[in-house]
Amino acid sequence: MERTSSAVLQAVLDRHGAHCACRGACGKTHGRDGVCRRPEQFGKPPLSAGPYPPRPTDRENIAVPTADLVPWCGPCWRRALDTVREQAAAERRARLEALQECLFADGELEGAA
């Protein structure tokens, strides 16, 4: 996640509170209410501002308006970002395979070997 200015981060924390807003996007259940308790369990780790859910690319994450940012702890952000990127890669692979199937669907290359 790109570092945000302290004014942006402070505005995000004022709006949402000084806790990670993950709520399971990282793949963890975070207890009964779904809220990440990392700050309560381990002291206050540094929080960063990022979109919820994360976008697959850094460029998309940076382009999110400040009003749409929420606080994230580092471990939740990294896991959520990895998940989103893996899903995007799987979608790209599926689209590529579908496009390639069209190339060979008519049997045009059967006699080429």
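How far is the sulfur of Cys 22 from the closest cysteine sulfur, and in which residue does that sulfur sit? The closest one is in Cys 26, at 3.6 Å, which is too far for a bond. Welcome to this predicted model, in which local features need pLDDT of at least 70 and side-chain atom pairs count only at pLDDT 80 or more, while totals for chains, interfaces and linings use all residues. Residues are numbered from 1 along each chain as its sequence is written, and side-chain values use heavy atoms, with hydrogens and water left out.

**The overall layout**

- Read from the N terminus, the order of elements is α-α-β-α-β-α.
- The chain has 113 residues, and 28% of them count as buried; buried means under 20% relative accessible area, exposed means over 50%, and partly exposed lies in between, using a 1.4 Å probe and protein chains only.
- Among contacts with a separation of 6 or more, 65% are between residues 24 or more positions apart; a contact means heavy atoms within 4.5 Å.

**The core and its cysteines**

- In soluble globular proteins, nonpolar side chains tend to be buried together.
- A nonpolar core here is a set of buried Ala, Val, Leu, Ile, Met, Phe, Trp, Tyr and Cys residues joined through side-chain atoms within 4.5 Å.
- The largest such core has 19 residues, and the members that touch the most others are Cys 20, Cys 22, Cys 36, Trp 72, Cys 73 and Cys 76.
- Helix 1 (6–16), strand 1 (47–51), strand 2 (69–73) and helix 4 (74–104) each give two or more residues to this core.
- The structure holds zero disulfides, a disulfide being a pair of cysteine sulfur atoms within 2.5 Å.
- Cys 73 is in no disulfide, and its nearest cysteine sulfur, that of Cys 76, is 3.6 Å away.
- Cys 22 is buried at 0% relative accessibility, and Cys 73 is buried with a relative accessible area of 0%.

**Helix 1, side by side**

- Leu 9, Val 12 and Leu 13 are the buried residues to look for in helix 1.
- Viewed down the helix axis, the buried residues of helix 1 fall within an arc of 95°, so they line one face of the helix; the arc is that of the directions from the helix axis to the C-beta atoms.
- An α-helix has 3.6 residues a turn, so residues three or four places apart point the same way.
- Strand 1 and strand 2 are among what covers the buried residues of helix 1.
- Ala 7 and Asp 14 are exposed on the other side of helix 1.
- After helix 1 comes Gly 17, with a positive phi near 95°.

**A salt bridge**

- The count comes to one salt bridge, meaning a side-chain nitrogen of Lys or Arg within 4 Å of a carboxyl oxygen of Asp or Glu.
- Asp 58 and Arg 85 form a salt bridge, with their closest N and O atoms 2.7 Å apart.
- This pair links distant parts of the chain, since Asp 58 is in helix 3 (residues 58–62) and Arg 85 is in helix 4, 27 residues apart.
- Asp 58 is partly exposed at 37% relative accessibility, and Arg 85 is partly exposed at 32%.

**Loops and backbone details**

- Most residues other than glycine have a negative phi, and most peptide bonds are trans.
- The peptide bond from Tyr 52 to Pro 53 is cis, with omega near -5°, and Pro 53 is found in the loop between strand 1 and helix 3.
- Tyr 52 is partly exposed, with a relative accessible area of 38%.
- Not counting residues up to four places away in sequence, Tyr 52 touches several residues, including Cys 22, Arg 23 and Trp 72.
- Arg 23 has a positive phi, near 55°, and lies in the loop between helix 1 and helix 2 (38–42).

Note on methods:
Helices (H or I, at least four residues) and strands (E, at least two) are DSSP runs, numbered from the N terminus.
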